[in-house]
Amino acid sequence: MKAHTVDRADDLSEALVRSGFGPFYGTPCGILAPLFSAIDDRAGLHLVAREDNAVGMAAGARLAGRCPAVLMQNSGLGQSVNAIASLVVPYRLAMLLIISLRGVGPDPTEENLVMGRVTESLLNSLGVETFVLDVRTDLAGQVARAQRTVVRQGRAVALLVPPTAFGWRP
């Protein structure tokens, strides 16, 4: 893995923590692995076995006044749709969803292609604003955009992470 991509994961984790995000919940993901490590080193990361459970834990953190973030693969997004649709969105439990995009770019695996194709539209249909992380530009600005939606508007937002953002290769 190139040092630059690891540095960008560290820069993103720093921006997330400085913006007040936390606690962090995540389900294992190879694409997000450098970000998992950086967040765990900086603020701690709670590993959770299922995406819907991670969303539920984040909902509890939000009710306790925190600004939680959930990290997951889009292949696991389907697991959390009901929690997002029936808990997060209607009760305005604002949180940041950081979702890796399997099935796009250099990830041609057959089992990920459908979710790769529908992730953004699925989230938008649920009422969750999305934007794609661009590690070549101002990461702090992208986090600030997410923070405005979560804190000021009281809504969930999804930061979609392309496979190559932190150096993932098939």
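Student: Where does A49 lie in this model?

Tutor: A49 sits in the loop between β2 (46-47) and α3 (51-63). Keep in mind as we go that this is a predicted model.

Student: And is A49 buried or exposed?

Tutor: The general idea is to look at relative accessible area, where over 50% is called exposed and under 20% is called buried. A49 has a relative accessibility of 75%, so A49 counts as exposed.

Student: Let me try a residue in a helix. Is S80 buried or exposed?

Tutor: S80 is found in helix α4. Its relative accessible area is 0%, so S80 is buried.

Student: Which residues are in contact with S80, leaving aside its neighbours within four places in sequence?

Tutor: With those neighbours set aside, S80 is in contact with E51, D52, V55 and M72.

Student: Now for pairs of helices. At roughly what angle do the axes of α4 and α5 cross?

Tutor: The axes of helix α4 (residues 77-88) and helix α5 (residues 113-125) cross at roughly 15°, and they come within 12 Å. Angles under 35 degrees count as roughly parallel, and α4 and α5 are therefore roughly parallel to each other. The crossing of these two helices is left-handed.

Student: Which residues make the contact between α4 and α5?

Tutor: On the α4 side they are L77, G78 and V81, and on the α5 side M115, T119, L122 and L123. By type, the residues of the contact of α4 with α5 divide into five nonpolar, two polar and no charged.

Student: Let's turn to charged side chains. How many salt bridges does the structure hold?

Tutor: Here is the general idea: side chains of opposite charge can pair when their charged atoms come close. This structure holds eight salt bridges.

Student: What about R102 and D107: are they buried or exposed?

Tutor: R102 is buried, at 14% relative accessible area. D107 is buried as well, with a value of 2%. These two residues form a salt bridge, and their closest N and O atoms are 2.6 Å apart.

Student: How far apart are the closest N and O atoms of R155 and E129?

Tutor: They are 3.3 Å apart, and R155 forms a salt bridge with E129. R155 lies in the loop between α6 (139-152) and β6 (157-161), while E129 lies in strand β5 (residues 129-132), so the pair ties together parts that are 26 residues apart in sequence. R155 is partly exposed, with a relative accessible area of 24%, and E129 is partly exposed, also with 24%.

Student: Which residues are linked with R155 in a network of salt bridges?

Tutor: E129 and R145 are linked with R155 in that network.

Methods
Residues numbered from 1 in each chain as written. Predicted model: local features only at pLDDT ≥ 70, side-chain atom pairs only at ≥ 80, totals over all residues. Heavy atoms only, no water. Salt bridge = Lys/Arg side-chain N within 4 Å of Asp/Glu carboxyl O. Buried < 20%, exposed > 50% of the residue type's maximum accessible area, 1.4 Å probe, protein only. Helix = DSSP H or I, 4+ residues; strand = E, 2+ residues; numbered from the N terminus. Axes fitted to C-alpha atoms, helices over the stretch in contact; angles between N-to-C directions. Parallel < 35°, antiparallel > 145°, perpendicular 65-115°, else oblique. Left-handed = near helix turned anticlockwise from the far one by under 90°. Contact = heavy atoms within 4.5 Å. Nonpolar A, V, L, I, M, F, W, Y, C, P; charged D, E, K, R; others polar.
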